[in-house]
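Work through each one with the model open, then check the solution.

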Amino acid sequence: MNATEIVFVRHGETEWNRAGRLQGRSDLPMNETGRRQAQQAGMELAASGAWDAVVSSPLFRARQSAQIIADLLAVPRVQEFTELMERDYGDAEGTVVAGLSEENIHRLMDLGESEEHLVERAINVLFKISVQHPGQRVVVVSHGSLIRSVCNELQGPGQDRVSNGAIISVEIELLTNYVAREPLWH
C-alpha cells in the first residue's frame, strides 16, 4: 500500500490579507484575487492526478477555498476540522502588521494562542487525517501561521512565509516520526 500523501493549501486572499492585518479567527471571505488563487491551486492539484479527500478549517475563507478546490478535483464533500483553524491572536486581531519588524509581529501574535498549542493541535489533527485516509491523497486547506508553524516544527526553523494559494507537501515520514516522539493531545 502507498503512503498517505497530504498537501497543505493556504486559503486565497482576503481584504485583510491585502491590507496586512492579522486575521486569526476573524471570519472573513476571500476577495476576487483569493478566488482566482484557490482556482489556480485546484487546477495545479488536478494536473497531478486524482485526489481522494479535501479537508478544511471551518473559517469561511478556508471553506470557500476548499470548496473551489474540491469542485475542481471532483471530490464530493469537504470535511471540516476545528483544529485546522488559524491561530487565535486575541486582542491583536485586526492589527495592521505590514511594515513591522518580525520581532514586533511575533510579540503581537503572542497576545493570543501560543504557537506551541497551535502546533500541537495541528499536528494532532494531521496525524488523525493520515490515519483516516491510509494510502490516499488528501488536500488540507488551512491558514498561513498554522502551515508555517507546522512546517517549522517538522522540517526545522526558518520556513518562508506561506503565500495565499500556496501548495506545500507534508512529509508523512516527518509527521509520523514527530508523533512517535511526542504524545498526542486528545
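A pocket, on a 1 Å grid over the protein atoms alone, is an open set of points with protein on both sides within 12 Å along at least five of seven lines; a cavity is a set where a 1.4 Å probe fits but cannot get out, and lining residues have an atom within 4 Å of a point. The model is predicted: local features need pLDDT of at least 70 and side-chain atom pairs pLDDT 80 or more, while totals for chains, interfaces and linings use all residues. Residues are numbered from 1 along each chain as its sequence is written, and side-chain values use heavy atoms, without hydrogens and water.

**Exercise 1.** Find the volume of the largest pocket and the element that gives the most to its lining.

*Solution.* Step one: the largest pocket holds about 640 Å³, a volume being the space filled by probe spheres set on the points, which are joined across faces, edges and corners. Step two: 32 residues line this pocket, and among those closest to its centre are Tyr-89 and Arg-161. Step three: α6 gives the most, five residues; helices here are DSSP runs of H or I with at least four residues, numbered from the N terminus.

**Exercise 2.** Describe how α6 and α7 cross.

*Solution.* Step one: their axes come within 9 Å and cross at roughly 75 degrees; axes are lines fitted to C-alpha atoms over the stretch in contact, with angles from 0 to 180 degrees between N-to-C directions. Step two: the helices are therefore roughly perpendicular (65 to 115 degrees). Step three: Glu-153, Leu-154 and Gln-155 of α6 meet Leu-174, Leu-175 and Tyr-178 of α7, contact meaning heavy atoms within 4.5 Å.

Methods. Helix = DSSP H or I, 4+ residues; strand = E, 2+ residues; numbered from the N terminus. Parallel < 35°, antiparallel > 145°, perpendicular 65-115°, else oblique.
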